[in-house]
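Please look over the model shown below before reading on.

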Amino acid sequence: MQVPLLDLKGQYAPLRAEIEQAIAQVCNEQRFVLGPKVGELETQIAAYSQAEHGLGVSSGTDALLVALMALGIGPGDEVITSPFTFFATAGVVARLGARPLFCDIDPRTYNLDPAAVRAMLEKKCEQRGDRLVNKATGGVVRVLLPVHLYGQMAPMDELVAIAKRYRLAVVEDAAQAIGAALPDGRRAGSVGDVGCLSFFPTKNLGAFGDAGMCVTNDRGLQERMRILRVHGGEPKYYHSFIGGNFRLDEIQAAVLLIKLKHLEDWTIARQRNADHYDALIRDAGIAGIVGVPFRAPGYRHIFNQYMIRVRRRDELRVHLAANGVGTEIYYPVPLHAQQCFAYLEHSPEDFPHSLAAAAEVLALPIYPELAAEQREYVVKQIAAFYRA
Ligand SMILES: *Cc1c(COP(=O)(O)O)cnc(C)c1O
């Protein structure tokens with residue numbers, strides 16, 4: 001049996017006629033950037049995310065970049081974030097000349113641990129006038145950038161309380177978490193000052209290429225991000241500040257508008273698949289060997305990824321590949337140990353939970369169309385590996 005990590009063809013087939021028609025419509029109208037469908041998508045994604053405003057941008061990475069630019073982040077500034085995430089989270093910070101200030105994760109959820117953030121702030125930072133200064137670097141700590149990894153939100157109540165106390169802005173990296181929610185029902189992206197979504201094809205809501213969105217309840221930030229999206233020109237060709245080309249294509253918006261109607265059903269199917277994996281792993285008697293995703297009580301996990309945690313992870317991965325099962329490691333090297341961040345002078349052991357997770361996590365196929373027999377086959381193969 002073949003079980004790819006992700007197979008988008010099954011999602012496309014039933015939508016094909018509708019999507020082709022929508023693309024043809026864009027072709028006929030020849031309005032390719034920031035047209036009416038982008039505006040409609042912004043309205044609908046903002047509503048879905050329970051935020052007041054949406055701003056379509058070119059990718060999830062650019063959503064993060066434009067959010068930090070709108071907050072005025074630049075050289076001399078520092079941004080608190082997780083070292084256990086996709087590269088873009090910290091990459092955008094460094095690209096703006098600012099410094100990523102890493103704190104370790106909660107080993108159960110893989111999300112930024114509020115206790116680690118508090119401890120870092122108390123130990124490494126001090127208030128000087130109205131600025132929160134990193135004593136070692138002299139940098140000004142300005143933003144808290146939690147990531148909702150794998151589709152489960154970080155503990156935002158605690159994180160926002162820390163941000164309030166230290167007067168930090170909060171930018172949510174919600175690239176993997178569209179529709180995820182806190183126990184009180186608030187959705188990913190709507191809790192911080194800006195939420196950043198990605199529509200990269202592997203995300204739960206995937207475009208036919210790159211696309212992303214910023215959502216916010218702050219009118220002023222929305223306006224600044226809107227101007228930054230078009231090189232900072234307002235009115236056109238008059239620049240009071242420097243932005244970039246962060247525009248969203250009309251064709252991507254057309255595709256996403258059609259897919260958005262199915263997102264709830266797809267999320268429910270992912271959750272069903274996750275529950276099934278949990279049960280299969282338990283029933284196979286390997287629950288002591290194969291750690292299943294921890295679901296924080298009350299949180300709505302949208303399972304962009306279903307991550308198991310195992311010993312001999314790399315051997316297991318080879319065994320699964322040899323038996324037709326696709327897997328992936330998100331992420332094999334924590335950011336504080338990346339070569340490009342050597343100048344931050346971390347040792348790998350600085351964030352032991354991130355380091356350990358990077359050595360032990362493995363993503364199993366979880367996409368909505370995955371058949372029950374495929375899920376059973378995947379767990380059978382895992383059980384066979386550990387029994388041998
Ligand atoms: C996918 C992703 C991004 C970047 O989104 P792109 O659309 O690929 O640029 C940022 N952060 C996280 C956590 C992601 O998973």
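This is a predicted model, and the structure holds 20 salt bridges.

| Salt bridge | N to O distance |
|---|---|
| Arg 142 and Asp 77 | 3.2 Å |
| Arg 108 and Asp 106 | 3.2 Å |
| Glu 328 and Arg 317 | 3.5 Å |

The pair of Arg 142 and Asp 77 links distant parts of the chain, since Arg 142 belongs to strand 6 (residues 140-145) and Asp 77 to strand 2 (residues 77-81), 65 residues apart. Arg 142 counts as partly exposed because its relative accessibility is 29%, whereas Asp 77, at 10%, counts as buried. Likewise, Arg 108 is partly exposed at 47% relative accessibility, while Asp 106 is buried, with a relative accessible area of 15%. Glu 328 lies in the loop between helix 11 and helix 12 and Arg 317 in helix 11, so their pair ties together parts that are eleven residues apart in sequence.

In helix 12, Ser 354, Ala 357 and Ala 358 are buried. They cover an arc of only 100° around the axis, which means that they are on the same side of helix 12. The buried residues of this helix pack against strand 10 (306-309), helix 11 and strand 11 (361-364).

The structure also holds twelve aromatic pairs. One of them, Phe 102 with Phe 341, is edge-to-face, with 6.1 Å from centre to centre and 70° between the planes.

Definitions and conventions:
Residues are numbered from 1 along each chain as its sequence is written. This is a predicted model: local features need pLDDT of at least 70, side-chain atom pairs count only at pLDDT 80 or more; totals for chains, interfaces and linings use all residues. Side-chain values use heavy atoms; hydrogens and water are left out. Rings of Phe, Tyr and Trp (its six-membered ring) pair if their centres lie within 6.5 Å; planes under 30 degrees apart count as stacked, over 60 as edge-to-face and the rest as tilted. Buried means under 20% relative accessible area, exposed over 50%, partly exposed in between (1.4 Å probe, protein chains only). Helices (H or I, at least four residues) and strands (E, at least two) are DSSP runs, numbered from the N terminus. The arc is that of the directions from the helix axis to the C-beta atoms. Contact means heavy atoms within 4.5 Å. A salt bridge is a side-chain nitrogen of Lys or Arg within 4 Å of a carboxyl oxygen of Asp or Glu.
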